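Visitor: Please put the model up, and then I will ask about its residues.

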Amino acid sequence: MITLTGLRAHGRHGVYDFERLQGQDFVVDATLRLDLSGAARSDEVTDTVHYGELADRLVAVVTGEPVNLIETLADRLLDVCLADPRVITATITVHKPQAPVPHTFTDVAVTLTRGRQAAGRSRPGDGEGR
């Protein structure tokens, strides 16, 4: 498994106009399940998912085209993770710590998991919602 935790990027996602105008920080956690034995033997970055390049692609989605829901954002991030055919399963958590909730809270997050067989499409019930 490869895990990238706490990737922070400024995006303009949300249902409300002020979220789109001001934007806010989103935090992404990604876990990729894949066979790492080849990379462990070869010691070559080309035999694994380059987590720096993955981070660049995930940030591009977070800073890119706005969506209303972090569920939709998580789904797009899963597409990025599963674009590498070596990834068997990916789990993405999108944290929205500055969500417009009128109460004291620490974090709001959505987690979705998808496997290779469903790459490119989410299915109802494939993750946990808000």
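Visitor: Is Phe-18 buried, partly exposed or exposed?
Guide: This is a predicted model, in which local features need pLDDT of at least 70, side-chain atom pairs count only at pLDDT 80 or more, and totals for chains, interfaces and linings use all residues. Residues are numbered from 1 along each chain as its sequence is written, and side-chain values use heavy atoms, with hydrogens and water left out. Buried means under 20% relative accessible area, exposed over 50%, and partly exposed in between (1.4 Å probe, protein chains only). Phe-18 has a relative accessibility of 42%, so the residue counts as partly exposed.

Visitor: How are the rings of Tyr-16 and Phe-18 arranged?
Guide: A search of the whole structure finds one aromatic pair. Rings of Phe, Tyr and Trp (its six-membered ring) pair if their centres lie within 6.5 Å; planes under 30 degrees apart count as stacked, over 60 as edge-to-face and the rest as tilted. The rings of Tyr-16 and Phe-18 have centres 5.6 Å apart and planes at 10°, so the pair is stacked.

Visitor: What accessible area do Val-15, Tyr-16, Phe-18 and Leu-69 have together?
Guide: Like charges are joined within 9 Å, and nonpolar side chains (Val, Leu, Ile, Met, Phe, Trp, Tyr) within 5 Å. Areas come from the Shrake-Rupley method with a 1.4 Å probe, and for residues only the protein chains shown count as cover. These four residues form a nonpolar patch on the surface, and their accessible area together is about 370 Å².

Visitor: Which residues are linked with Arg-114 in a network of salt bridges?
Guide: Asp-79 forms a salt bridge with Arg-114, with the closest N and O atoms 2.9 Å apart. This pair links distant parts of the chain, as Asp-79 is in helix α4 and Arg-114 in strand β4, 35 residues apart. Arg-114 has a relative accessible area of 1%, so this residue is buried. The residues linked with Arg-114 in the network are Asp-75 and Asp-79.

Visitor: How many residues apart in sequence are the parts that Asp-25 and Arg-8 tie together?
Guide: The side chains of Asp-25 and Arg-8 meet in a salt bridge at 3.9 Å, N to O. Asp-25 lies in strand β2 and Arg-8 in strand β1, so the pair ties together parts whose separation in sequence is 17 residues.

Visitor: Is Lys-96 buried or exposed?
Guide: Lys-96 lies in the loop between β3 (89–95) and β4 (109–115). Contact means heavy atoms within 4.5 Å, and, not counting residues up to four places away in sequence, Lys-96 touches residues including Glu-19, Phe-26 and Asp-107. Its relative accessibility is 8%, so Lys-96 counts as buried.

Key
Helix = DSSP H or I, 4+ residues; strand = E, 2+ residues; numbered from the N terminus. Patch = residues over 30% accessible without salt bridge, like charges linked within 9 Å, V, L, I, M, F, W, Y side chains within 5 Å.
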